Amino acid sequence: TEYLAAGSVLIQASASSAVEDGALTAFSGASGKLFAKVSVPDYGAFFVSYAASHPFFQGYSGSGTPPAAADPYEPDYALSELHWSFDIAKTLFVRLGNQLVSWGPSRVWSPVDFINLERADSFAEIDTRAGKSVLRLHLPLGRANAFAFADFSGMTADGSYGDPAETVNLAGRIDTAAGGFEFGLTGYGGRHAMPRFGADFSGRLFASTVWGEVALTSAHAMEDSALEASLGFSRALGDLRNWTLSAEGFYNSDGKDLSGYTASTIFTLAAAERTPLYQGSWYAYVSLAADDLFSPSLATSLSALANLEDRSYSVKLSEDFSFPRAVPCTLAAAWTGGGENREFTRFAGNNALALTLSTKIEF
């Protein structure tokens, strides 16, 4: 029998201020995930993880309504994953329980992610989402992999037992490698779920890593069909290959220009309509990162993220410090602009500067 206990904790302090109103918002706290795993021969492995967060201090100075404050004496925690995994003759691999599923190679937007309860935040240091109740079957096929999923999350959505034939949704995925590329096909649906189909690829082309995803949601009941697609690349530059240029674009046919919705009125929309980075129709991301730019203990990155529909944007400069006999940390400065009450300025403010100092502990 083997035991494992581990965790990832992010400790940070940040301050932000908008030029227009001069309000200052300050926050410091810790967030992370704690894991435990027990593996028993012939029985498989039991895994559980909890996500938690706790504020150290919260402050606001300005004429507007201050943000809601978290309780500084009661940490917020919730179950993230809890599942049992085992195999049948090392041929079929089974996992049952609450779990997070990673589909698709894209770095920022993942159209083929059909299973999870929430969209992944690609810029979050730690994934604190809750996993969905799923049965996953994995069948390796040499140079290919086949996956089958039974999604049980709808069986008790209304607080009582549901008819499995009516409430269980099914999904499948197959991926394979050919010609230096990996390809995947995905499908998801159920009696009362909108059918979804996706395809993705990743590989090397012209000395660059390229990837892409496309997903189609078929018309169902009163809902129209929808199309999402992402395409990106990453390339190492310089004689020492210590520079990396990355870019990704995203199209969402369901996207809308939500200019005018304030930080309070945006919550009148459905969750799918106000999900960050999926609100508009067109997005773009570009990043330039350098290792050992000024010192072997420094890593620098400059990135820009934009909603091309409402013309709001965020530009971020980040510096990672890892000096000997000092706590490794990251100092980041971010600027948001594009107009009042746009996607990137609705909460941060227009022409706002945010400074963040953080460190991530893994054990």
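Here are legends for a few close-up views of this predicted model.

Residues are numbered from 1 along each chain as its sequence is written. Local features need pLDDT of at least 70 and side-chain atom pairs 80 or more, while totals for chains, interfaces and linings use all residues, and side-chain values use heavy atoms, leaving out hydrogens and water.

**View A. Phe35 and Phe47 make a tilted aromatic pair.** Their ring centres sit 6.0 Å apart, with 45 degrees between the planes. (Rings of Phe, Tyr and Trp, using its six-membered ring, pair if their centres lie within 6.5 Å; planes under 30 degrees apart are stacked, over 60 edge-to-face, and the rest tilted.) Phe35 belongs to strand β2 (residues 24–40) and Phe47 to strand β3 (residues 44–61), so this pair links distant parts of the chain, 12 residues apart. (Buried means under 20% relative accessible area, exposed over 50%, partly exposed in between, with a 1.4 Å probe and protein chains only.)

**View B. Phe181 and Phe183 are a stacked pair.** Here the centres lie 6.1 Å apart and the planes meet at 25 degrees, so the pair counts as stacked. Phe181 is buried at 17%, and Phe183 is partly exposed at 37%.

**View C. Ring pairs tie four residues into a cluster: Trp109, Phe250, Tyr278 and Tyr283.** Across the whole structure, a search turns up 15 aromatic pairs.

View D. Leu353 is partly exposed, with 39% relative accessibility.

Note on methods
Helices (H or I, at least four residues) and strands (E, at least two) are DSSP runs, numbered from the N terminus.
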